[in-house]
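The sequence and structure come first.

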Amino acid sequence: MPATSVIGLQWGDEAKGKVVDLLTENHDVVIRYQGGNNAGHTVRFDGQTYKLSLLPTGILHSHVQSVIGPGVVVDPRALLRELDSLEAGGIDWTGRLMISDRAHVICPWHLLEEAAFEAHRGSRAIGTTMRGIGTCYREKVGRFHAIRMGDLVNRDRFAARVREIVPFKQIILDALIPDGEKLNAEQIIEEYSACADRLRPLVADTTAWLLNALEQDRRLLFEGAQGSLLDVDHGTFPYVTSSNSSGCGIHSGSGIPERAIDSMIGVAKAYTTRVGGGPFPTEQDNDIGQRIRDAGNEYGTVTGRPRRCGWFDAVATRYSARISGVDTIAIALLDVLSGLGDLQICEAYDIGGTVTRDLPACPDALRAARPVFRTVPGWNEEITGARTFEDLPQNAQQYVQTLSELVERPVQIVSVGPDRDQTILLSPLPGTETGPECRRDS
Ligand code: GDP
Ligand code: IMO
Ligand code: MG
């Protein structure tokens with residue numbers, strides 16, 4: 001049975017949530033395997049908008065089992081808030097969510113430390129989501145003060161860990177922010193133990209469960225968070241997140257061998273956005289950028305921050321497609337470009353007189369990169385009603401084809417609006433025979 005993955009090819013917010021939702025119908029299990037509640041995935045259908053952060057998007061489908069894998073960092077308070085708000089919205093998730101006992105727990109000191117580190121960097125701040133993501137991952141790699149979900153649900157072990165860690169953390173926090181907030185170990189134990197009481201039935205060995213599911217031919221769908229350019233090893237370091245958010249993270253974050261995945265779909269916007277700091281060669285900090293922001297409603301799902309906007313960067317996206325090993329791409333938010341006039345696509349970087357199609361590792365080199373743009377004609381027609389490729393204006397078809405050529409991957413999906421049905425399929429989706437022909441008939 002096919003296993004499928006969905007990976008962001010830019011700096012996040014590429015519409016992975018929408019693509020995962022499209023694929024979910026034909027899969028049995030949806031797995032989040034990295035990141036945490038820094039993600040914000042939006043899904044729209046039947047006139048409703050759902051925003052998922054820590055939960056796999058599959059939670060919205062009653063036939064699907066959702067898994068939070070070992071590579072995710074979990075803030076139990078945020079997880080319960082999200083589950084409660086789903087329930088309040090009428091989504092019954094009972095019996096359909098599992099959380100790995102190996103996943104690491106975000107604790108209050110992670111958020112305090114992150115705030116101190118970001119403040120210390122001043123104008124060079126990473127611009128994180130302030131959810132304690134990076135500080136929790138640092139703890140995991142450092143090992144000494146890490147707490148996993150398996151520890152959280154063991155009352156005595158958790159209390160002992162907190163009593164051991166808090167005095168040490170207080171020394172560091174006092175040095176960083178002398179008049180800052182004081183940690184209260186007993187209060188933390190009480191608050192987190194109350195969360196643990198509710199989460200205990202959901203915590204399990206998801207690795208063994210997923211390996212069994214695979215052997216039983218259940219169809220797995222891996223939901224990437226963030227984007228390949230935010231990958232801690234392969235992205236635009238240090239302006240990245242702290243996990244492997246490219247395709248490289250699937251195996252380590254889930255425990256499922258990558259060779260089990262036979263279809264990898266990379267998602268990219270028809271232009272580029274970025275939230276937070278860091279180099280962004282095609283950024284349009286001008287009227288064009290503002291028009292894209294307005295048309296695409298480019299404000300962060302998690303933090304509400306205005307997203308930085310710019311032209312499509314085929315150098316960065318091709319790099320992502322290659323390192324993530326995607327087979328096909330989904331081009332989303334094509335409708336946002338309607339009426340913008342001529343469009344620009346970055347096909348190379350000029351770095352100090354050297355023209356390259358490779359993404360440099362050094363942030364200073366990327367900051368110095370001047371995009372070599374190809375100018376292509378735009379279109380004025382509204383395209384949100386297009387349901388086949390042929391429905392698109394000629395220039396929009398040509399634009400998509402040019403992106404495909406420059407990224408060197410076939411386009412499988414074109415998205416022309418946030419709704420589930422505002423979608424054009426160019427080839428059958430994995431796990432189904434539903435192709436363009438079938439959709440035209442339906
Ligand atoms: P994710 O983090 O990759 O899941 O993406 P986000 O949900 O953070 O951001 C994508 C935004 O674009 C959401 O508000 C979606 O509802 C919206 N969206 C998705 N596809 C389309 C599209 O084709 N056109 C438009 N206009 N909006 C879209
Ligand atoms: P989804 O899954 C866009 C960005 C932050 C910041 C950097 C590090 O919705 O695509 P972190 O809190 O992770 O340490 O922040 O990464 N970032 C995202 N940007 N979409 C996301 O998730 C992001 N998750 C983190 O803005 O620049
Ligand atoms: Mg998002």
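## Packing of H3 and H6

Trp109, Leu112, Glu113, Ala116 and Phe117 of H3 are in contact with Val162, Ile165, Val166, Lys169, Ile172, Leu173 and Leu176 of H6 (contact means heavy atoms within 4.5 Å; helices, H or I of at least four residues, and strands, E of at least two, are DSSP runs numbered from the N terminus). By class, the residues of this contact are 10 nonpolar, no polar and 2 charged (Ala, Val, Leu, Ile, Met, Phe, Trp, Tyr, Cys and Pro count as nonpolar, Asp, Glu, Lys and Arg as charged, and the others, Gly among them, as polar).

The model is predicted: local features need pLDDT of at least 70 and side-chain atom pairs count only at pLDDT 80 or more, while totals for chains, interfaces and linings use all residues. Residues are numbered from 1 along each chain as its sequence is written, chains are lettered from A and ligands numbered from 1 in the order in which they are written, and side-chain values use heavy atoms, with hydrogens and water left out.

H3 spans residues 108-121 and H6 residues 155-176; their axes are 11 Å apart, at an angle of about 15° (axes are lines fitted to C-alpha atoms, for helices over the stretch in contact, and angles run from 0 to 180 degrees between N-to-C directions). The two helices are therefore roughly parallel (angles under 35 degrees count as roughly parallel, over 145 as roughly antiparallel, 65 to 115 as roughly perpendicular and the rest as oblique). H3 passes H6 in a left-handed crossing (the near helix is turned anticlockwise from the far one by less than a right angle; clockwise would be right-handed).

## Packing of H2 and H7

Helix H2 (residues 76-88) packs on helix H7 (residues 185-199) at about 50°, with 10 Å between the axes. That angle makes H2 oblique to H7. Their crossing is left-handed.

On the H2 side the contact involves Pro76, Arg77, Leu79, Leu80 and Asp84, which meet Glu191, Tyr192, Cys195, Arg198 and Leu199 of H7. These residues divide into 6 nonpolar, no polar and 4 charged.

## Ligand surroundings

Ligand 1 has 18 residues around it, of which Lys16, Gly40, Thr42, Asp335 and Ser415 come nearest (a residue is near a molecule or strand if one of its heavy atoms lies within 4 Å of it). Oxygen atoms of ligand 1 lie 2.8 Å from a backbone N or O atom of Gly40, 3.0 Å from a polar backbone atom of Leu333 and 2.5 Å from a polar side-chain atom of Ser415.

Around ligand 2 there are 20 residues, with Asp13, Lys16, His41, Thr129 and Thr241 nearest. Backbone N or O atoms lie 2.8 Å from a ligand 2 oxygen for Asp13, 2.9 Å for Gly40 and 2.8 Å for Gln226.

## Asn244

Asn244 sits in the loop between strand S10 (220-223) and helix H9 (249-254). Leaving out residues up to four places away in sequence, Asn244 touches Gln34, Asp231, Val232, Asp233, His234 and Gly249.

The Asn244 side chain makes polar contacts with the side chains of Asp231, at 2.9 Å, and Asp233, at 3.0 Å (a polar contact is a pair of N or O atoms within 3.5 Å; within protein, one must be able to donate a hydrogen and the other to accept it, and residues adjacent in sequence count only if both atoms are side-chain atoms). Asn244 and Asp233 are 11 residues apart in sequence, with C-alpha atoms 6.8 Å apart.

## Backbone geometry

Most residues other than glycine have a negative phi, and most peptide bonds are trans. Ala15, in the loop between strand S1 (4-8) and helix H1 (16-24), has a positive phi near 90°.

Phe237 and Pro238 are joined by a cis peptide bond, with omega about 5°. Pro238 lies in the loop between S10 and H9.
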